[in-house]
Amino acid sequence: MRPLVSRTHALELLRAMVRITRFEEKCVELYSAAEIRGFMHLYIGEEAIAVGVMNALSPDDAVVATYREHGHAIARGIGMGPIMAEMLGRREGVSGGRGGSMHLFDAASRFYGGNAIVGGGLPLAVGLALADKMSKRNRVTCCIFGEGAVAEGEFHESLNLAALWRLPVLFVCENNLYAMGTAIERSESVTDIHQKAAAYGMTSEAIDGMDVIETEDAAKRAVEQIRGGAGPAFIEYRTYRFRAHSMFDAELYRDKAEVEQWKERGPVKTLVARLEAAGLGSHDDLTAIEAEADVEIEAAVAFARAGTLEPIDELSCFVYADDAQNAHIATIARCMDGE
């Protein structure tokens, strides 16, 4: 285990993780009250990865995330207000209220989703990185996905092309051991996911995804290497989600004792313990940070609730285009004016 960083930076990491945790806990409350609808996949337990990886990227780099992306979006710096408004289906949301939990998008921060298709972000990331390389821009595209995406064909196609063309892509696999409801040893003959990336000739390693200091260090090493022209890199972060796959998941495939055992290694709990052991912090710091986060989240909820729902006559905007019908064109123009 690497020595602890400074108190200031450790508290920054702790604050970033707590913001994600408390935001998602609020989302559970709103979902239970039917204010958030549709599918929702929680990130609690995996906060260290989002915080560590986003800290390693520059504002000019791109992020392509998976459908469990609340934590990525928050750590990237997207405001909680627009994210919560999106969760509640309001026009003030980051995706105009049309994407919901699985499709958070923010061009200003180069956050290109949220993608409901397992592995769907991989070829998109390769395309973004190819564009940057052809345009001679010194950018990195970070592509985040779960280990379930490894079973998809586009995983292998994307890694192969990225390695072949030496594209500036950081592939981040959040291996939480259960692809939806299937244990990894029941679906993969080789369970060391990073070895699959090594087979394509790129640098790869496995990292403890529950330790935010280790996740940040690994991401910074990889980004520096990629930015230096070495081609793509792959990090397998070994982690665990504390909640079910989604809010619809009965979670019958894993033992409750296993979940509790992993919670003892939770990223927030682990960092607080290290702060205390080093004499750099205490649970009082955690309590203060949680209180700050709760105030921010309540403001985000108020912003979202005060937002507007999309008028029914604009539901077809950006869905269908019909040049033969001027009515559709007029409707689309109204939608564009409202952006």
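Gly89 follows helix 4 and has a positive phi, near 75 degrees. The model described here is predicted.

Helix 4 spans residues 80–87 and is mostly covered. Seven of its eight residues are buried. These are Met80, Gly81, Ile83, Met84, Ala85, Glu86 and Met87. What do the buried residues of helix 4 pack against? Their partners are helix 1, helix 3 (70–76) and helix 11 (283–305).

Lys26 gives a view from helix 1, where it is placed. Is Lys26 buried or exposed? Its relative accessibility is 12%, so Lys26 counts as buried. Leaving aside residues up to four places away in sequence, Lys26 touches Met84, Ile297, Glu298 and Val301. Met84 is also one of the buried residues of helix 4.

Ala34 is not a glycine, yet its phi is positive, about 65 degrees. Ala34 sits in the loop between helix 1 and helix 2. With a relative accessible area of 38%, Ala34 is partly exposed.

Met180 is not a glycine either, and has a positive phi of about 65 degrees. Its loop runs between strand 4 (178–179) and strand 5 (182–183). Met180 counts as exposed, because its relative accessibility is 55% and the cut-off for exposed is over 50%.

**Helix 1 against helix 8**

Two packed helices are described by the angle between their axes and the distance between the axes. Helix 1 covers residues 7–32 and helix 8 covers residues 212–230. Their axes come within 11 Å and cross at roughly 100 degrees. The two helices are therefore roughly perpendicular to each other, since angles of 65 to 115 degrees fall in that class.

Which residues meet at this crossing? Helix 1 brings His9, Leu13 and Met17. Helix 8 brings Val212, Ile213 and Glu216. By class, the contact has four nonpolar residues, one polar and one charged.

**Aromatic pairs**

How many aromatic pairs does a search of the whole structure find? The search finds nine. Two of them are set out below.

| Pair | Centre to centre | Angle between planes | Arrangement |
|---|---|---|---|
| Tyr31 and Phe248 | 6.3 Å | 85 degrees | edge-to-face |
| Tyr240 and Trp262 | 4.8 Å | 5 degrees | stacked |

Tyr31 and Phe248 link distant parts of the chain, 217 residues apart. Tyr31 lies in helix 1. Phe248 lies in the loop between strand 7 (233–238) and helix 9 (256–263). Tyr31 counts as buried, at 14% relative accessibility. Phe248, at 57% relative accessibility, counts as exposed.

The pair of Tyr240 and Trp262 is stacked. These residues are 22 apart in the chain, and the pair also links distant parts of it. Tyr240 is in the loop between strand 7 and helix 9, and Trp262 is in helix 9. Tyr240 counts as buried, at 0% relative accessibility. Trp262 counts as buried too, at 17%. Both rings belong to a cluster: ring pairs link Tyr178, Tyr240, Tyr253 and Trp262.

Asp60 is found in the loop between helix 2 (47–56) and strand 1 (62–64). It is partly exposed, with a relative accessible area of 39%. Asp60 and Asn138 are 78 residues apart in sequence, but their C-alpha atoms are 9.0 Å apart in space.

What does Asp60 touch, not counting residues up to four places away in sequence? Asp60 touches Arg110 and Arg139. The side chains of Asp60 and Arg139 are joined by a polar contact of 3.0 Å.

Arg139 has its place in the loop between helix 5 (121–134) and strand 2 (141–146). Arg139 is buried, because its relative accessible area is 17% and buried means under 20%. Its side chain also makes a polar contact of 3.3 Å with the side chain of Asp132. Arg139 touches Asp60, Asp61, Arg110, Asp132, Pro168 and Arg227, again not counting residues up to four places away in sequence.

Terms used:
Residues numbered from 1 in each chain as written. Predicted model: local features only at pLDDT ≥ 70, side-chain atom pairs only at ≥ 80, totals over all residues. Heavy atoms only, no water. Axes fitted to C-alpha atoms, helices over the stretch in contact; angles between N-to-C directions. Helix = DSSP H or I, 4+ residues; strand = E, 2+ residues; numbered from the N terminus. Parallel < 35°, antiparallel > 145°, perpendicular 65-115°, else oblique. Contact = heavy atoms within 4.5 Å. Nonpolar A, V, L, I, M, F, W, Y, C, P; charged D, E, K, R; others polar. Phe/Tyr/Trp six-rings, centres within 6.5 Å; stacked < 30°, edge-to-face > 60°. Buried < 20%, exposed > 50% of the residue type's maximum accessible area, 1.4 Å probe, protein only. Polar contact = N/O pair within 3.5 Å; in protein donor to acceptor, adjacent residues only side chain to side chain.
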